[in-house]
Amino acid sequence: MSKVVVMDHPLIQHKIGMLRRKETGSMEFRTLVSEIAALECFEATRELELQDVEIETPICKTTVKELKGKKLAVVPILRAGLGMVEGMLNLIPAAKVGHIGLYRDPETSEPVEYYCKLPEDCANREVFVVDPMLATGGSSVAALQMLKDRGVKNIHFMCIIAAPEGVKRMTEAHPDVDLYIGALDDHLDEKNYIVPGLGDAGDRIFGTK
């Protein structure tokens, strides 16, 4: 069953509060999204396995810890997910980056794939799918299925703000994927915006309307 982790770190909560303010401009918004992603990444990677490695310090030989086994990949859901990539790469610079692009069909409201480019060895990596907002869950559910269809098995999902409706849909569709959430909000409105939310994350990151 999915593990759903809502971050309670004071720095994450403080920065999400700044992110929500309608007067926060695009430049500050981008910076905050990147910083929050880094802080969440720190928490979300807590259970990565370690192994002992013998090294030599300037003083003597010793045994230290290094990450064991699978390498990491970050896969943002376009376009808002791009805002979270830099913050994560600051912590795990060796991670490779893939991209998934989806749009919502205006008639069916279902997500339609328009782009998917993944590292060649993505199936052998620990993959973190990132998107600032988890609203209805439609795009996220589809993105995870796209990865699974391409052989990826070790998947985690990370967002900044989520609605209960999206969390429910994700955990039902992908019970093997853990969710890492900055803040769990109240509900979706009639336009499927998260309440209280922060508006359209993509528009606020890139300064578009």
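The legends below describe close-up views of one predicted model.

Residues are numbered from 1 along each chain as its sequence is written, and side-chain values use heavy atoms, without hydrogens or water. Because the model is predicted, local features need pLDDT of at least 70 and side-chain atom pairs count only at pLDDT 80 or more, whereas totals for chains, interfaces and linings use all residues.

**View 1. Helices α1 and α2 cross at roughly 155 degrees, and their axes come within 10 Å.** Helices are DSSP runs of H or I with at least four residues, strands are runs of E with at least two, and both are numbered from the N terminus. Axes are lines fitted to C-alpha atoms, for helices over the stretch in contact, and angles run from 0 to 180 degrees between N-to-C directions. The two helices are therefore roughly antiparallel to each other; angles under 35 degrees count as roughly parallel, over 145 as roughly antiparallel, 65 to 115 as roughly perpendicular and the rest as oblique. The crossing of α1 past α2 is left-handed, a term used if the near helix is turned anticlockwise from the far one by less than a right angle, with right-handed used if clockwise. Helix α1 contributes Leu11, Ile12, Lys15, Ile16, Met18 and Leu19 to the contact, and α2 contributes Glu28, Phe29, Leu32, Val33, Glu35, Ile36, Leu39 and Glu40; contact means heavy atoms within 4.5 Å. By class, these residues are ten nonpolar, no polar and four charged. Ala, Val, Leu, Ile, Met, Phe, Trp, Tyr, Cys and Pro count as nonpolar, Asp, Glu, Lys and Arg as charged, and the others, Gly among them, as polar.

**View 2. Helix α2 (residues 26–44) meets helix α3 (residues 82–91) at roughly 50 degrees, with axes that come within 7 Å.** The pair is therefore oblique, and α2 passes α3 in a right-handed crossing. On the α2 side the contact is made by Val33, Ser34, Ala37, Ala38, Cys41 and Phe42, and on the α3 side by Gly83, Met84, Glu86, Gly87, Met88 and Leu91. This contact has eight nonpolar, three polar and one charged residues. An α-helix has 3.6 residues a turn, so residues three or four places apart point the same way.

**View 3. Several elements cover the buried residues of α3.** These buried residues are Gly83, Met84, Val85, Gly87 and Met88; buried means under 20% relative accessible area, exposed over 50% and partly exposed in between, with a 1.4 Å probe and protein chains only. The cover includes α2, β4, β5 (96–97), β8, β10 and α6 (201–206).

**View 4. Strand β8 (residues 126–130) is mostly covered, with five of its five residues buried.** Glu126, Phe128 and Val130 point one way from the strand, while Val127 and Val129 point the other way. Strand β8 runs parallel to strand β4 (residues 72–78), to which five bridges join it. It also pairs in the parallel sense with strand β10 (residues 155–162), over four bridges; two strands pair if DSSP finds at least two bridges between them. Val129 of β8 stands opposite Val75 and opposite Phe157 in β10.

**View 5. Glu126 lies in strand β8.** Its relative accessible area is 17%, so Glu126 is buried. Not counting residues up to four places away in sequence, Glu126 touches Leu48, Lys70, Lys71, Leu72, Ala73, Asn154 and His156.

**View 6. Two cis peptide bonds and one positive phi are shown here.** Most residues other than glycine have a negative phi, and most peptide bonds are trans. The bond joining Leu78 and Arg79 is cis, with omega about 5 degrees, and Arg79 is in the loop between β4 and α3. The bond from Val195 to Pro196 is also cis, with omega near 5 degrees; Pro196 lies in the loop between β13 (194–195) and α6. Asn192, in the loop between β12 (187–188) and β13, has a positive phi near 65 degrees. At 43% relative accessibility, Asn192 counts as partly exposed.

**View 7. Asp8 is in the loop between β1 (4–6) and α1 (10–20).** With a relative accessible area of 67%, Asp8 is exposed. Asp8 and Ala183 are 175 residues apart in sequence, and their C-alpha atoms are 8.2 Å apart in space.
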